[in-house]
Amino acid sequence: MTPAVTALQSPPTAPQILRRCRDLVAPALAEAIGGLHPWVAEMAGYALGRCEVGGAPATHSQGKGVRQALAVLGAEAAGGSGEAGVPGAVAVEFVHTFSLLHDDIMDGDALRRGRPAVWKAYGTGPAVLAGDALFALAVETLTVAPLASHAAAAVRQLTTALRDLVRGQADDLLFADRPWTGPEAVGAGEYATMAEHKTGALLGCALALGAQLAGAPRETATALDRAGRHLGVAFQIADDVLGIWGDPAVTGKPVHSDLRQGKKTLPVLVALNAPGHSALAGLLTSPVALDDTGARRAAALVERAGGRATALREARRHLAAAHTLLAGASLAPRAADELRTLLSSLAHRTI
């Protein structure tokens, strides 16, 4: 057997899976955006990484397209074609982008993927308008999907996920004002619920929408939704770990950035519940912002208290739960294998 034939038979890698799904969905994304007011279409294209300010083609990466891929794979795992999941892929990509657009405004984040955020590039009002347009397009896309008989269930799946996403975002914002210690402190259980809603809801929705649009039974769509929600928690925890100990060359953020910002992430919450946490609590509650030395010391205290190890163990537990749900569902073998490849890579942040 020649090396070329062997290579063709090798299972696809996560980047290859993402690229295949992005290529499948791209024409539908472009067509949907093309129906908007030209100015709003430009802002939507900029938010999606498809163009620059003024409408010139983008010269940088458009993002991984994770949610798009999950919708396509959800359809294929349910025994349908990848094309059946495209309307779901478009819908979740629009909702995801809409949520990021508004998140940047709420958080005051001036950059998104290394470029000015939409509100910085076009203004706050126009950015809100573009986000509203993307949400409207998401719903419209599902109502005109080829399997129109599934439209009501698909729209309900999407709006339920959006409601959960808003709930998770609200909790995350409110966590910032709660104390680090004492009876009002954020608990690990509250954190997990927030992460499921904020991150997992739309990942689960993407998988379930693809399956629904391919005509899958309700129990299959439900299992995929739950798997995606577990993936979201694992993904969020991995992001927390990178936010403290990640390589700036990989994360694009300074080392210890989450500690400097006072974010209530799982490694820190775990460490604050460990015996002898007073030194860490003192650093975090100090009115003086953490400098380089303080941030390094806080990170060392979190690790010494088991925060990092416990968080990673919890991420692995949620990833295992997602794999168990996939194993228990009646899925097409090849698509299920690709799903497992993608889920593992996402949870371990290797793509």
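Which residues of α17 are buried? In this predicted model, local features need pLDDT of at least 70 and side-chain atom pairs count only at pLDDT 80 or more, while totals for chains, interfaces and linings use all residues. Residues are numbered from 1 along each chain as its sequence is written, and side-chain values use heavy atoms, with hydrogens and water left out.

Helix α17 covers residues 333-347; helices here are DSSP runs of H or I with at least four residues, numbered from the N terminus. Its 15 residues reach 21 Å from first C-alpha to last, close to the 21 Å expected at 1.5 Å a residue, where the expected span is 1.5 Å times one less than the number of residues. Buried (under 20% relative accessible area, 1.4 Å probe, protein chains only) are Ala335, Ala336, Glu338, Leu339, Leu342, Leu343, Ser345, Leu346 and Ala347. An α-helix has 3.6 residues a turn, so residues three or four places apart point the same way. The cover over the buried residues of α17 includes α2 (14-34), α4 (66-77), α9, α10 (218-245) and α16 (307-328). Arg349, with a positive phi near 55 degrees, follows α17.

Leu339 also belongs to the largest nonpolar core, which holds 110 residues. Such a core is a set of buried Ala, Val, Leu, Ile, Met, Phe, Trp, Tyr and Cys residues joined through side-chain atoms within 4.5 Å. Leu70, Phe94, Leu158 and Leu339 touch the most other members, and helix α9 (residues 188-213) supplies the largest share, 13 residues. Beyond its neighbours within four places in sequence, Leu70 is in contact (heavy atoms within 4.5 Å) with Leu203, Ala206, Leu207, Leu339, Leu342 and Leu343.

Notes:
Buried < 20%, exposed > 50% of the residue type's maximum accessible area, 1.4 Å probe, protein only. Helix = DSSP H or I, 4+ residues; strand = E, 2+ residues; numbered from the N terminus.
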